[in-house]
Amino acid sequence: MIKMETIQAELTQSNIEQEALNVHLQYVCDYIESLSSVDDKIEAVNSIRTKIHQVSPMKHHPVDLIHWLKSEEVEVQRVNPNSIPPPEEMLLHQSITSDGYTMPVVGFKQENEIHRIIDGFHRRKMERIHPDISESTYGRIPMSFTRKAQEGESDRMASTIRHNRARGVHNIELMSTIVAELVEMGKGDPWICKHIGMSADELLRLKQITGLASLFLNKSFSDSWDAGNDEGYMEPAVSEF
């Protein structure tokens, strides 16, 4: 049996460590409070979150790190494969004003230090067109960041489609535009189906409905390929996405 003295000693050590942690946390809080401007406080919080994220056991999930970024430092994606009608847009505004931002915008940092949105076009739009929301966020939006391994152009395009298809909202015309660009970048049917979550039949129907079939005239397409095989495609070319 574990002796009572041992248990008490462990509890005492745990309490000491917790008290020490509380002291450090209070020091950090006092430092943030001492900053004179809201922008300085927000930037300090962003920096602290980054440091914590670097040692977090959950750092492999993008949602583990969320920064409040200045809206002017964020660009929307060139093609947004979903649209929402005015009633739903009004509801989104009401949701954010009533509940606050409960979901971050998803994006990545470009070489020019400007962040590009992958998912969350409409959540960001609310801050841009509604002064009440912008005032509540001090002109900033919450953003999580894609994994480094998924910052390639084709990966970002596929991620945009996946986010929207997972929610059951996507615009066929705009989605077909992205698929057409992936084809022109050299991505074959197996890669496209695997990375945007489409079956071979779904992709074939999309091409037939939208007229994309002409882009595939010289490409073989059958149900025999392995969706896990990414071979047979070129690396993406640089574009404005």
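Q: What covers the buried residues of helix 4?
A: In this predicted model, the cover of those residues includes strand 2 (74-75), helix 3 (86-99), strand 3 (105-109), strand 4 (115-119), helix 5 (131-136) and strand 5 (140-145). The buried residues themselves are His-122, Arg-123, Arg-124, Met-126 and Glu-127, in a helix that spans residues 121-129.

Q: Why are helix 3 and helix 4 called roughly perpendicular to each other?
A: Their packing angle is about 75 degrees, with the axes 10 Å apart. Angles of 65 to 115 degrees count as roughly perpendicular, and helix 3 and helix 4 therefore fall in that class.

Q: Which residues of helix 3 and helix 4 meet?
A: Glu-89, Leu-92, His-93 and Ile-96 come from helix 3, and they meet His-122, Arg-123, Lys-125, Met-126 and Ile-129 of helix 4. By class, the residues of this contact are 4 nonpolar, 2 polar and 3 charged.

Q: What makes strand 5 a mostly covered strand?
A: Buried means under 20% relative accessible area, and 6 of the 6 residues in strand 5 are buried. Arg-140, Pro-142 and Ser-144 point one way, while Ile-141, Met-143 and Phe-145 point the other way.

Q: How do you know that strand 1 and strand 5 pair?
A: Pairing requires at least two bridges. Strand 1 (residues 66-70) is joined to strand 5 by 5 bridges, and the two run antiparallel. Within this pair, His-67 stands opposite Met-143.

Q: What makes strand 3 a partner of strand 5?
A: Here there are 3 bridges, and the strands run parallel. Gly-107 has Phe-145 of strand 5 as its bridge partner.

Q: Which residues touch the most other members of the largest nonpolar core?
A: They are Val-74, Ile-96, Tyr-101, Met-126 and Met-143, in a core of 13 residues. Helix 3 and strand 5 each supply at least two residues of this core, and strand 5 gives the most, with 3 residues. Leaving aside residues up to four places away in sequence, Ile-96 touches Tyr-101, Arg-123, Met-126 and Ile-133. There is also a second, separate core of 12 residues, with Val-183, Trp-191, Met-198 and Leu-203 among them.

Q: Why is Tyr-138 called exposed?
A: Exposed means over 50% relative accessible area. Tyr-138 has 54%, so this residue is exposed. Tyr-138 sits in the loop between helix 5 and strand 5. Tyr-138 also has a positive phi of about 55 degrees, although this residue is not a glycine.

Technical notes: Residues numbered from 1 in each chain as written. Predicted model: local features only at pLDDT ≥ 70, side-chain atom pairs only at ≥ 80, totals over all residues. Heavy atoms only, no water. Buried < 20%, exposed > 50% of the residue type's maximum accessible area, 1.4 Å probe, protein only. Helix = DSSP H or I, 4+ residues; strand = E, 2+ residues; numbered from the N terminus. Contact = heavy atoms within 4.5 Å. Axes fitted to C-alpha atoms, helices over the stretch in contact; angles between N-to-C directions. Parallel < 35°, antiparallel > 145°, perpendicular 65-115°, else oblique. Nonpolar A, V, L, I, M, F, W, Y, C, P; charged D, E, K, R; others polar. Core = buried A, V, L, I, M, F, W, Y, C linked by side-chain atoms within 4.5 Å.
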